[in-house]
Amino acid sequence: MLRIAFAFSATLTMFSCLAAHANAAQCGNSAGGFDAWKQQFAGEARAKGIGASTIQAMMATNYAQATINADRGQRSFNLSLDQFLAKRGATTIVAKGRQLKNSQAALFSSIQQRYGVPPGPLLAIWGMETGFGAVRGNQNMLSSITTLAYDCRRTAYFTEHLYAALQLIDRGVLSPAQRGSMHGEVGQTQFMPKAILAYGTGNLDVAANALNSAANFLKAHGWRAGAGYQPGEANFAAIQAWNAAGVYQKAIALMGRQIDGGE
């Protein structure tokens, strides 16, 4: 009897999962199905407790063709390390990073005391991501994230970020008009919505908050005070968690070492 009950329960679970999959908003690869997808997704978001005004803001988003083009054309991560460093202006980032390390010494000292992360990797990330806050993107964050959640290439990944973005808007942390980069990254260190929920320490358009948030992220991903962060050293894994591209990871580690006084 127990075996029959278990089998019946398993069958119900299977059909429940199939029904949920069948009812889920269907992805697409062009603008054609975007509005229909938003209508379906709105019902799912409402069921998860997202507020009416936030859902209305999502429904007003436009299909972000520029975001799709950027998502399909990421070629710089295929460069060699030297090519990547040259393309990203590593010499300028290191020089400016050293200046900021000195001029903002009190800020970086407080961050290191709290999180154990030295200035170098944080300045390398800040310089690499936005040119130390100069270039933070001018795309509508919600349109970018909604478009990528609809797009079939990485639906599951960006759906999680869309729900996070909607929660942040519900809470008043972000505005529906928030501007960001092509994939929905926002702030001086370019956080995605899920990362803002988990590690954000304030308005990320403010440099001090963005840097504290980046250090909080690294610490949460295993950063240990005093350990090295070059490839093969203990803290390199935390840098790997920041960005999946190997050439980016090595660039951050190298520039960070140079900013911190290494060769």
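The protein chain exposes about 13,100 Å², of which carbon and sulfur atoms supply 53%, the accessible areas coming from the Shrake-Rupley method with a 1.4 Å probe. This is a predicted model, in which local features need pLDDT of at least 70 and side-chain atom pairs count only at pLDDT 80 or more, while totals for chains, interfaces and linings use all residues. Residues are numbered from 1 along each chain as its sequence is written, and side-chain values use heavy atoms, with hydrogens and water left out.

**Overall fold**
- The protein chain has 14 helices and 2 strands, which are DSSP runs (helices H or I, at least four residues; strands E, at least two) numbered from the N terminus.
- Of the 263 residues in the protein chain, 44% are buried, meaning under 20% relative accessible area (1.4 Å probe, protein chains only).

**His 161**
- His 161 lies in helix α10 (residues 155–170) and counts as buried because its relative accessibility is 5%.
- Leaving aside residues up to four places away in sequence, His 161 touches Ile 145, Met 192, Pro 193 and Lys 194, where contact means heavy atoms within 4.5 Å.
- A polar atom of the His 161 side chain lies 3.3 Å from the backbone nitrogen of Lys 194.

**Helices α2 and α9**
- The axes of helix α2 (residues 34–47) and helix α9 (residues 141–150) come within 10 Å and cross at roughly 95°, the axes being lines fitted to C-alpha atoms over the stretch in contact, with angles running from 0 to 180 degrees between N-to-C directions.
- That angle makes α2 roughly perpendicular to α9, a term covering 65 to 115 degrees.
- Phe 34, Trp 37 and Lys 38 of α2 make the contact with Thr 146, Thr 147, Ala 149 and Tyr 150 of α9.

Definitions and conventions
Buried < 20%, exposed > 50% of the residue type's maximum accessible area, 1.4 Å probe, protein only. Polar contact = N/O pair within 3.5 Å; in protein donor to acceptor, adjacent residues only side chain to side chain. Parallel < 35°, antiparallel > 145°, perpendicular 65-115°, else oblique.
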